[in-house]
Number of protein chains: 2
Amino acid sequence: MSDDLGAVGERAALARIIPRLRRAQALLGPGDDAALLAAPDGRVLLSTDAMIEGPDFRRAWSTPYELGWKAMATNLADIAAMGGRPTGLLVALAAPERTSVAELEAIADGMAAACDALAPGVGVVGGDLTRAPILSLSVTVTGSLDGRSPVLRSGARPGDLVAYSGRLGLAAAALRLLFAVGEEDASGIAALRRGRPELLREQLAPSPPIRDGVRAAEAGATAMLDVSDGLLLDASRIAGASRVALDLDGAALERLAAEVVAALPADEEDAPRPGRHEALALVLGGGEDHGLLATFPDEPPAGFLRLGVVREGLPAVLIDGAPVDPTGWDSFAPS
Amino acid sequence: MSDDLGAVGERAALARIIPRLRRAQALLGPGDDAALLAAPDGRVLLSTDAMIEGPDFRRAWSTPYELGWKAMATNLADIAAMGGRPTGLLVALAAPERTSVAELEAIADGMAAACDALAPGVGVVGGDLTRAPILSLSVTVTGSLDGRSPVLRSGARPGDLVAYSGRLGLAAAALRLLFAVGEEDASGIAALRRGRPELLREQLAPSPPIRDGVRAAEAGATAMLDVSDGLLLDASRIAGASRVALDLDGAALERLAAEVVAALPADEEDAPRPGRHEALALVLGGGEDHGLLATFPDEPPAGFLRLGVVREGLPAVLIDGAPVDPTGWDSFAPS
């Protein structure tokens with residue numbers, strides 16, 4: 001008998017998927033119209049984000065396990081970016097009828113594994129499974145500030161230090177390799193997976209520094225966000241919201257670019273090793289890094305790399321004092 | 001210049017859409033990585049539900065305004081079904097590049113209008129806009145129990161009264177008319193809209209009795225859910241979770257079926273007026289009603305129609321004491 005969703009049916013599929021997910025933090029399990037979660041300080045942080053087949057991922061590149069992992073990781077980062085502690089996730093999964101339930105189980109396994117690794121004790125507390133022409137995962141994540149103030153984008157002040165926790169440019173570098181191989185060449189994709197597993201993981205199943213969100217808040221971070229659209233563009237958002245200039249350290253950025261060069265293969269015909277300039281472009285504008293960019297009045301906590309200083313002046317991003325044009329990823333931008 | 005999302009870009013589109021939404025209940029406005037909502041009793045109700053173009057709606061039948069309205073209404077009903085008061089909504093909207101921003105503005109207007117009508121003071125507090133081959137709206141709704149216990153599906157006890165607030169069968173009856181006209185016949189659809197606006201609204205922009213969720217909880221409701229998959233199937237869920245039999249009153253169901261017959265046109269060639277039997281099938285299994293089915297130890301509050309009693313016995317749904325086979329809508333069921 002077919003294992004397709006269309007043959008198995010929604011209810012039987014859910015009965016197989018739900019037990020694979022963690023719900024440690026729910027006050028009330030699945031089976032009712034809504035989940036009930038604790039909000040210990042009387043407030044709840046909320047963010048939602050969709051991953052759509054095509055624009056956001058390719059089935060040829062991502063395993064179902066990786067899709068589940070990435071959907072959790074990128075959403076958890078939005079709570080961390082506020083200085084919050086994640087408390088739960090809801091998933092609206094839409095899938096074609098021909099999707100096998102085994103694939104959906106693998107998505108659930110990836111979700112559970114990402115939660116265990118990045119936010120232990122947190123899990124999926126609710127969801128929805130529907131039929132659709134393409135696969136998509138719409139995730140909502142909740143978090144608690146545990147009595148603290150949220151860390152906004154608007155609190156950076158002249159004299160603060162700019163710091164970053166996480167990887168930069170590697171997710172974009174991995175995507176560059178995947179695009180060079182394409183979606184049709186299964187053996188090329190397999191070779192890439194064997195040859196550069198860690199680099200591909202930065203794109204396909206990233207591990208943003210979720211716990212560093214609370215650490216940054218406790219260390220007095222004045223502004224923070226998670227870098228999803230490229231360092232320069234996201235830095236310009238803090239600059240704009242805080243009405244300050246963020247002056248980044250060119251030498252620090254060059255060191256990050258060198259790491260990107262080192263992570264890339266030197267011998268690919270289709271994707272020649274990038275030069276320092278190209279690697280710097282990936283660091284500054286690659287996107288999908290999902291690390292935390294924050295400003296601190298004092299030394300940043302362990303895990304954060306010093307990347308510059310906040311200066312008085314018109315909202316702008318500078319490198320070694322010279323203004324740069326922030327560019328990044330706009331999913332609807334004219335291409 | 002084109003008003004398409006692909007030409008306008010995500011950020012410029014959001015700048016036009018966000019001001020049209022209400023955010024009265026948010027502690028923190030948009031512009032950061034997560035929204036912050038009050039959870040006054042230290043707990044938060046959460047539910048998520050996706051509406052996908054094709055399986056869940058047709059662009060030929062629903063206006064963008066109606067899509068926005070329905071996405072809010074159906075999600076608000078999930079909070080009401082727990083005895084909760086809605087406190088906010090998050091929307092992950094995915095749309096093709098060719099979608100005009102004016103359409104997205106109309107979706108936002110429908111969302112704001114539904115919130116104003118069904119849950120005044122509540123609005124969209126966060127969201128996400130992404131590119132996708134088809135239009136979809138994934139909504140997450142939050143709610144507060146204000147110190148009360150949640151009303152689960154599992155609390156019905158023998159001797160309780162079964163009651164319902166909302167419409168039954170009309171949403172399915174409207175869908176039947178739309179299917180009879182089809183998606184190609186624009187003038188036929190327009191004629192249907194002119195001739196039966198109220199009936200079509202039950203399907204395209206329903207108004208579930210959101211406030212009756214809290215009223216039911218305050219009146220001591222022992223079990224409750226919102227009827228989305230058909231009365232019988234959802235009644236069987238209360239029966240199964242509570243380990244009781246729900247015995248529905250055949251005469252009350254016949255009166256509801258007569259209302260469905262009266263709401264349908266008598267003179268359509270393509271869709272002849274249904275008989276009482278067919279109308280009863282729409283009442284019992286039509287689905288998408290989104291009213292509240294609840295059980296009460298005493299008289300149900302105003303707004304609820306008495307529909308039967310809870311009896312001891314194996315989990316089952318009965319009509320006038322005779323077991324019936326609950327059937328309903330499974331979005332992946334073999335067709």
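**Salt bridges in the predicted model**

User: What does A:Arg16 count as at 30% relative accessibility?
Analyst: A:Arg16 counts as partly exposed at 30% (buried is under 20% relative accessible area, exposed over 50%, partly exposed in between; 1.4 Å probe, protein chains only). This is a predicted model, where local features need pLDDT of at least 70, side-chain atom pairs pLDDT 80 or more, and totals for chains, interfaces and linings use all residues. Residues are numbered from 1 along each chain as written, chains are lettered from A and ligands numbered from 1 in written order, and side-chain values use heavy atoms, without hydrogens or water.

User: Which side chain meets A:Arg16 in a salt bridge?
Analyst: A:Glu105, at 3.2 Å from N to O (Lys or Arg side-chain nitrogen within 4 Å of an Asp or Glu carboxyl oxygen). A:Arg16 is in helix H2 (residues 10–17) and A:Glu105 in helix H4 (residues 101–118), 89 residues apart. Helices (H or I, at least four residues) and strands (E, at least two) are DSSP runs, numbered from the N terminus.

User: And A:Glu105, buried or exposed?
Analyst: A:Glu105 is buried, at 13%.

User: Switching to chain B, what does B:Lys70 pair with?
Analyst: B:Glu288, with the closest N and O atoms 2.7 Å apart. B:Lys70 sits in helix H3 (64–80), and B:Glu288 in the loop between helix H11 (276–285) and strand E10 (292–296), 218 residues apart. B:Lys70 is buried at 7%, while B:Glu288 is partly exposed at 26%.

User: What about B:Arg176?
Analyst: B:Arg176 bridges to B:Glu278 at 3.0 Å, N to O. B:Arg176 is in helix H5 (170–181) and B:Glu278 in helix H11, so the bridge ties together parts 102 residues apart.

User: How many salt bridges over all chains?
Analyst: The whole structure has 40.
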